[in-house]
Each structure stands twice: as structure tokens, then as C-alpha cells.
Amino acid sequence: MLLSLLLLGFVEIIHGAPTSNANPWGKKNITYTIIDDPINESPVEIRPILSKAFNTWSSVIPLNFIEVEQNSTTEADIEVIFTSSEGNPLFADRSGFVIPYKTIYLFTDSPRTINIIGQNVDQIQTDFYYEALYNVGKVLGLRDSRNKNSMMYTGYTTPVDSSGNYIEPKLSTEDIKAAQKIYGQRK
């Protein structure tokens, strides 16, 4: 679990467990902002991948995710914060990170990469799209899974084919059903 937290970051809990089809935000348009873009990955690369992760979840539930600028007058519903885990009090106590809603913390000192479909993968670094999908799932309130095919799997599994080439992570049937249990289906 510690390795997963290091590789995949974590989210801050601010609400209790969601109930079935009870949208915790009470609205369909959910805003997010990116705070402190990491130095080693440009915002040009980060933004489209985060947007794709939010949109992947949005395609199966009736929520629309809209990015707002960090300095916007509109307060974002979700903050995506890049920060160091070293000496960070947020990282000191990892107990209870189960049902999050407000903040995704992505650690700048975790090894991550942006992979290209079909390209041979460095399996030491975490795929950023995988990391983003997982963390958006956590923000939506999904629990970790023991199913290796789930995006919410408790341990990181490098998304590669039998030849070690990158394959794009996808939501499993389990992931979709879990999200739809909370939010309902997109019509």
C-alpha cells in the first residue's frame, strides 16, 4: 500500500461515504484546477492527460469536468496539487484514505512518465495517465479493488502487453459499475 501511495499519490478526504446515486457535489458540472505544475513535466503534457482521465470517467457517469485556471475567480471543486512527499505532513499519516472528494496530491518526487501506445515501456516509472485515472476514481469516491483488471487495483500494474509495449489503461466493468452506483449512468 505504501508503494501505491508513493507511485499514485493520494487524495484528501473531506466527506463521508457516498450513498447510492447521491451525487456528493449536488451538481453535474464539476470544476478542477492544477496547482504547482511539476518542473519535469510541462503543463502542455499534463493538462491533456488529466483532462482525458476526467473525461474517461465522465463518459460513464453524468458528470462533466471542466478545468479552471488556478488564478480564476471561481473556486475549483477539485484541486490537483503537485507537491513533494519529502517531509510533507500530508504523507505522514496514510490511515483512512478511503473516500476522498476534494484534492488529488501527486508527488513530484515519484517517478512517472508519459507513455505512447505501442511503445516499449520503462516499467520502473508510473504511467501518468494510469495515475490520473486512478486518482480521479478516488476523488469520485471509489474504493480500492483487489481485481488486477480494475483501475482501482490496490497495487500499480504497468499497462503493457506481453511484449512490454504500452497499452492504454481502461476502466473495467467493475470500475464503471462502482462509479454508476454512486452517480448513475450517463444518458
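This is a predicted model: local features need pLDDT of at least 70, side-chain atom pairs count only at pLDDT 80 or more; totals for chains, interfaces and linings use all residues.
**D127 and its surroundings**
- D127 sits in strand β7, which covers residues 126-127.
- Leaving out residues up to four places away in sequence, D127 touches T113, N115, Y156, P159, Y166 and P169.
- T158 is 31 residues away from D127 in sequence, yet the two C-alpha atoms are 7.2 Å apart in space.

- You'll find D77 in the loop that runs between β3 (64-67) and β4 (78-83).
- D77 has a relative accessible area of 13%, so it also counts as buried, given the under 20% cut-off.
- Its side chain makes a polar contact with the side chain of K27, at 2.9 Å.
- The D77 side chain also reaches the backbone nitrogen of T31, at 2.8 Å.

**M152 and the UniProt note**
- UniProt, in an unreviewed entry, puts a "binding site" feature at M152.
- M152 belongs to the loop between α3 (128-139) and α4 (173-183).
- The relative accessible area of M152 is 1%, so this residue is buried.
- Setting aside residues up to four places away in sequence, M152 has contacts with W57, Y134, G137, K138, L142, R143, D144, S145 and D175.

Terms used. Residues are numbered from 1 along each chain as its sequence is written. Side-chain values use heavy atoms; hydrogens and water are left out. Helices (H or I, at least four residues) and strands (E, at least two) are DSSP runs, numbered from the N terminus. Contact means heavy atoms within 4.5 Å. Buried means under 20% relative accessible area, exposed over 50%, partly exposed in between (1.4 Å probe, protein chains only). A polar contact is a pair of N or O atoms within 3.5 Å; within protein, one must be able to donate a hydrogen and the other to accept it, and residues adjacent in sequence count only if both atoms are side-chain atoms. UniProt positions are given in the numbering used here, feature names are shortened, and annotations may be inferred rather than shown by experiment.
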